[in-house]
Amino acid sequence: MQKKYSWYSLLKAGLSGQDWDQAIPLIQPKSKYDVIIIGGGGHGLATAYYLAKECGINNVAVVEKGYIGGGNTGRNTTIIRSNYLRDEASSLYEHALKLWEGISEDLNFNVMFSQRGVYNLGHSLQNMRDIERRVNANVLNGVDAVVVDANEIKQQIPIINTSKNARYPIMGASYQSRGGVARHDGIAWGFARAASMLGVDIIQDCEVIDIEVEEGRVKGVKTTKGEIMADRIGCVSAGHSSVLAKMAGLRLPIESHPLQAFVSEAMKPVLHTVVMSNAVHGYISQSDKGDLVIGAGIDGYNSYAQRGSTKIVEHAAAAILELFPIFSRVRMNRQWGGIVDVCPDACPIISPTNVEGLYFNCGWGTGGFKATPGSGHVFAHTIAQDKQHPLAEPFHIDRFKTGALIDEHGAAGVAH
Amino acid sequence: MLLIHCPYCKESRDQSEFSPAGEAFIARPKSPEGISDEEWADYVFYRTNHKGNHWEQWVHSNGCRKYFLVERSTISHQILQVAPFGARNSETEL
Ligand SMILES: Cc1cc2nc3c(=O)[nH]c(=O)nc-3n(C[C@H](O)[C@H](O)[C@H](O)COP(=O)(O)OP(=O)(O)OC[C@H]3O[C@@H](n4cnc5c(N)ncnc54)[C@H](O)[C@@H]3O)c2cc1C
Ligand SMILES: [Zn+2]
C-alpha cells in the first residue's frame, strides 16, 4: 500500500536518498472483473477512479496496450478552458474545470494545474462578433468570460504583435481567467495512483485484441495477456475507438487524424498565459520548465501513424511568428503527433451502444485533455447506473440519427 | 510528406498540391426518402476509419483540380495505388 504524499514524506524521502514506493504496482490481470476499462489514458484512469470512489465498484481493471498516459494524454498541449458556445458543451467542460480546481488535493498528487488564463484571439470583425456571442453565452451559463480589446491584450502580453500592419491584425480576444494548463502525465499518474489505492487493477503492456459479444451482450475481452471477463466494459481508447468498435461489430461516426505539437528549447519566463488563435491557427504557452509549447492543426487524411505532415507544422510556426515576432530565432527541440478521434460535430460520444454492457467514451478529438476529470466522472456514473449521467445525455451516439448535433465546430472559435 | 501520383496529370507531385477528400466508395442512397434514419446517419456520418490499407479520395487542388482514388496505408502512410474516378466502385472490384 502506498503512503500518502505530504511535506513530511517529501522531507523524509529527500533526506533518505529518494527512497520512494512505486506509485502503482505492476500486475497481471485476474480472470474476471465487474468492469473493464479499455485505454489507460487520462479519461480511462479517471473513469476507474470515480467508479471506485463514487459508485462503489472497486473490482475494476484498466487495460492499457502501452504505458499509462502514453497516448494523447501525454502528447497534448494541455490547454484547459470551459468557454464553449453550446449549453451542453459548456456545462460538460465547466463540470470538468470545477473538478480540476480541486483535483490535486482530491488525488493527493500535484498535477500542476495552473490557472494562468486563456486568450482566444479575434482577427476580423466576424471573429469579434463570434467572440462576443460566445462570451455572452458563457456568462449566461455561469462560465467566467470577458471580451478584451487589442490594447488590453498588449498591456497584458507586451511581446505580442498588435500592430495594424500585421497580416492578420489582432482586434481583440475572449479571456477566461480560470483557464490554464496542467501537467499531462501528472493527471494520468494522479488518477492511476489514486484508483490503484482504491483497489483498481491497472494493467499496462496489455492490448485488447478482441471484444467478446454473445447474443448482443458483452462478455469480456481477449488481450495479449489472456482472456478477461466482465459484464460491463467501457471503451476509452481515443484514436483507436473505431478499431475497438469494429471488434464488437460496431461502426462509429469518427475518423482518426494526426494532430501535431512541438516544443522549443527551454528559456526564461517570457509568456505567462495561454494564447490561441483559430484564425491563423496556432496556440502557445510556456511550460514551467521554460519551453514554448506550440500546437498545430490536424492533417486532413486518416492516419494511425502518430505523425503528420511538415506543412502543418510550418503553418503553425508561421502563425506563431505572426503573433510573436520575438520568437523568430527560438530553436525548436522536439516535435510529435498524436492520433485524435474526430467527431462530425466536434463533440464527444459518451454513450451506451447497441451491445448491452458496452459503453463508449470517445470523439474528444483535438480537445479532450481539459475534460479529463469531468469525462471520467460522468462516464463512471453512466457505466455504474447503466443510465447516462445527466451531463452526458446530450452526448448519446443516437444524436447522429436524430439530428440533435451539438455544433461546436467553429462555434467555440478554436480547435482546442 | 507524401509524393502523390495524379492519374490525370500522370505525374508524381508533392502532397502540398493536393487535398484529402475523405473515404472512398461512399455512395449516396438512391432513394433517400425511402430509407431509415439509421441508414441516412450511416451514409452522412458513419465511417469505416480503417486501420490498414484504406481507399480514399484526393483532389489535385493546385493542379488539374480533379478528384481521384488512392489506396494508402493509414499505418505507414505508404501509397499502394492510385486510380481515376470511375475505374472502380468498391474496394473489391477490379
Ligand atoms: C498534439 C495534441 C495536442 C492537444 N492539445 C490539447 C489541448 O491543448 N487541450 C485539450 O483539452 N486537449 C488537447 N488534445 C486532445 C487530448 O489530448 C485528448 O482529447 C485527450 O488526452 C484524450 O484522452 P484519452 O484518455 O481519451 O486518450 P489517450 O490518452 O490517447 O488514451 C487512450 C489509450 O488507449 C490505449 N489503447 C488504444 N487501443 C487499445 C487497445 N486495443 N487495448 C488497450 N489499450 C488501447 C492507448 O494506448 C492510449 O493510452 C491534444 C491532442 C494532441 C494529439
Ligand atoms: Zn492532376
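**Entry 1: the contact between the chains**

I began where the chains meet and noted that the contact (heavy atoms within 4.5 Å) takes 27 residues from chain A and 26 residues from chain B. The model is predicted, so I kept in mind that local features need pLDDT of at least 70 and side-chain atom pairs pLDDT 80 or more, while totals for chains, interfaces and linings use all residues. Residues are numbered from 1 along each chain as its sequence is written, chains are lettered from A and ligands numbered from 1 in the order in which they are written, and side-chain values use heavy atoms, with hydrogens and water left out.

I then looked up the buried area, which is the accessible area (1.4 Å probe) that two parts lose on being put together, summed over both. Between chain A and chain B this area is about 2300 Å², and carbon and sulfur atoms give 52% of it. On the chain A side, A:Arg251, A:Tyr301 and A:Tyr304 lose the most area to chain B, together 29% of what that side buries.

B:Cys6 counts as buried because its relative accessibility is 0%, whereas B:Cys9, at 33%, counts as partly exposed.

**Entry 2: helix α8 of chain A**

Helices (H or I, at least four residues) and strands (E, at least two) are DSSP runs, numbered from the N terminus. Helix α8 of chain A, residues 310–323, has buried residues at A:Ile312, A:Val313, A:Ala316, A:Ala319, A:Ile320 and A:Leu323. Seen down the helix axis, the buried residues of α8(A) fall within an arc of 125 degrees, so they line one face of the helix; the arc is that of the directions from the axis to the C-beta atoms. What covers these residues includes strands of chain A, among them β13 (255–266) and β17 (332–342).

Technical notes:
Buried < 20%, exposed > 50% of the residue type's maximum accessible area, 1.4 Å probe, protein only.
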